[in-house]
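Hello,

Here is the structure we talked about handing over. Please have a look, then read my notes below.

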Amino acid sequence: MSIDNKPKTDQQPLSDQARQQAKDLASQAKTATDNLAQDAASVATEQAQAAKSSVADEVSSVASALRTAAEEMRSGSPQERTFGQIAEGLADASDAMREKDLSTMVHDVSAFARKNPLVFLGGAALVGFAATRFAKASNDTAAQSSRAQHVPTTGDFS
């Protein structure tokens with residue numbers, strides 16, 4: 001039988017090297033994960049800003065349409081005043097959306113929802129109904145347009 005007379009200190013540096021390599025790999029993985037998280041947050045912020053801008057544009061166009069509708073109504077009528085007030089409110093909301101950053105808007109909406117839960121839920125329901133009607137109307141218009149393009153013909157035209 002042969003006995004290994006090598007001291008155990010030869011194995012010590014290998015285990016230290018393995019631990020150091022494991023620490024280095026863990027550090028590299030953490031750095032890569034942090035970079036990916038920062039990239040994802042940056043992309044999410046850009047997408048949210050684009051969506052915010054798009055919503056602000058839509059609200060502004062609705063306000064413009066309401067102004068036009070108000071101008072076509074009898075001057076001084078309750079409908080004309082109501083449409084005008086709604087248009088101004090929407091225009092102000094659109095401007096506020098453009099000026100505020102997303103985190104401030106989320107904080108403001110949260111604070112409003114806590115102070116006025118019924119108004120917030122009612123407003124959210126109205127927005128949901130309006131969005132549903134808009135989507136349905138857009139879908140119906142698209143369906144009618146595609147049907148009009150594909151009018152079947154019958155008969156022999158020879």
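**Salt bridges and overall fold**

The count comes to 5 salt bridges. Keep in mind that this is a predicted model.

Arg98 pairs with Asp57, with the closest N and O atoms 2.8 Å apart. Arg98 is partly exposed at 41% relative accessible area. Asp57 is also partly exposed, at 39%.

Glu88 and Arg67 form a salt bridge at 3.2 Å, N to O. Glu88 belongs to helix H2 and Arg67 to helix H1, so the pair ties together parts 21 residues apart in sequence. Glu88 is partly exposed, with a relative accessible area of 39%. Arg67 is partly exposed too, at 30%.

Arg19 and Asp16 meet in a salt bridge at 3.1 Å, N to O. Both lie in helix H1 (residues 11–72), 3 residues apart, or about one turn of the helix. Asp16 has 37% relative accessibility and counts as partly exposed.

Now the chain as a whole. The protein chain has 4 helices and 0 strands. Of its 158 residues, 8% count as buried. The accessible surface is about 12900 Å², and carbon and sulfur atoms hold 59% of that. Among contacts with a separation of 6 or more, 57% come from residues 24 or more positions apart.

Best regards

Technical notes: Residues are numbered from 1 along each chain as its sequence is written. This is a predicted model: local features need pLDDT of at least 70, side-chain atom pairs count only at pLDDT 80 or more; totals for chains, interfaces and linings use all residues. Side-chain values use heavy atoms; hydrogens and water are left out. Helices (H or I, at least four residues) and strands (E, at least two) are DSSP runs, numbered from the N terminus. Buried means under 20% relative accessible area, exposed over 50%, partly exposed in between (1.4 Å probe, protein chains only). Contact means heavy atoms within 4.5 Å. Accessible areas come from the Shrake-Rupley method with a 1.4 Å probe; for residues, only the protein chains shown count as cover. A salt bridge is a side-chain nitrogen of Lys or Arg within 4 Å of a carboxyl oxygen of Asp or Glu.
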